[in-house]
Amino acid sequence: MPDLVVTSIAVDDAATQLKSVVDELENMKELWDGGDIWGHRTVKNAMGDFVDSWWVKREKLQENLKDLQGKMEKAAETWNDTEIELAKSLESE
């Protein structure tokens with residue numbers, strides 16, 4: 001079984017992608033307001049019920065993802081700094 005290979009690109013991408021997810025959740029309210037996108041009243045009412053339930057879960061999910069995203073950004077920063085320091089130490093030898 002091969003070793004796990006982690007690159008700075010993968011770590012940076014993960015942090016960026018998590019930020020995109022968090023941003024989508026933060027701006028989701030604008031998509032739901034008014035319910036005009038649902039058309040038929042029955043669908044609009046069903047989606048309204050779903051949205052009311054979803055907001056509670058979304059807020060908790062958003063909170064957890066923000067925390068994870070912050071940790072991922074810190075990990076990416078630490079990873080990149082460590083990689084730079086290792087490269088410098090190898091050059092000086």
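Biologist: Which residue forms a salt bridge with Glu-63?

Modeller: In this predicted model, Lys-60 is the partner of Glu-63, and their closest N and O atoms are 3.9 Å apart.

Biologist: Where do Glu-63 and Lys-60 lie?

Modeller: Both belong to helix α3, where three residues, about one turn of the helix, separate them.

Biologist: Please restate the accessibility of Lys-60; what is the figure?

Modeller: The relative accessibility of Lys-60 is 47%, and the residue therefore counts as partly exposed.

Biologist: How many salt bridges does a search of the whole structure find?

Modeller: The search finds five. One of them joins Lys-66 to Glu-26, with 2.8 Å between the closest N and O atoms. Lys-66 is in helix α3 whereas Glu-26 is in helix α1, so this pair ties together parts that are 40 residues apart in sequence.

Biologist: Changing topic: what about Arg-58, is it buried or exposed?

Modeller: Arg-58, in helix α3, is buried yet has no salt bridge. The nearest side chain of opposite charge is that of Glu-59, 4.3 Å away.

Biologist: What does the side chain of Arg-58 reach, then?

Modeller: It reaches the backbone oxygen of Leu-25, at 2.8 Å. Setting aside residues up to four places away in sequence, Arg-58 touches Leu-25, Glu-26 and Met-28. Glu-26 is also the salt-bridge partner of Lys-66.

Biologist: Which residues make up the largest nonpolar core?

Modeller: The core has eight residues in all: Leu-18, Val-22, Leu-25, Met-28, Val-51, Trp-54, Trp-55 and Leu-65. Helix α1, residues 8-26, and helix α3 each supply at least two of its residues. Helix α3 gives the most, with four residues.

Biologist: Why would such residues gather in one place?

Modeller: In soluble globular proteins, nonpolar side chains tend to be buried together.

Biologist: Which residues is Leu-18 in contact with?

Modeller: Apart from neighbours within four places in sequence, Leu-18 is in contact with Leu-65, Leu-68, Gln-69 and Met-72. Of these, Leu-65 is listed with Leu-18 in the core.

Biologist: Now the overall picture: how many helices and strands are there?

Modeller: The chain has three helices and zero strands, and its elements run α-α-α from the N terminus on. Helix α3 covers residues 41-92.

Biologist: What share of the chain is buried?

Modeller: Buried residues account for 20% of the 93 residues. The chain exposes about 7,400 Å², of which carbon and sulfur atoms supply 58%.

Biologist: And what share of the contacts joins residues 24 or more positions apart?

Modeller: Among contacts with a separation of 6 or more, 77% are between residues 24 or more positions apart.

Notes
Residues numbered from 1 in each chain as written. Predicted model: local features only at pLDDT ≥ 70, side-chain atom pairs only at ≥ 80, totals over all residues. Heavy atoms only, no water. Buried < 20%, exposed > 50% of the residue type's maximum accessible area, 1.4 Å probe, protein only. Lys, Arg positive; Asp, Glu negative; His and termini not counted. Salt bridge = Lys/Arg side-chain N within 4 Å of Asp/Glu carboxyl O. Polar contact = N/O pair within 3.5 Å; in protein donor to acceptor, adjacent residues only side chain to side chain. Contact = heavy atoms within 4.5 Å. Core = buried A, V, L, I, M, F, W, Y, C linked by side-chain atoms within 4.5 Å. Areas by Shrake-Rupley, 256 points an atom, 1.4 Å probe, with all protein chains shown as cover.
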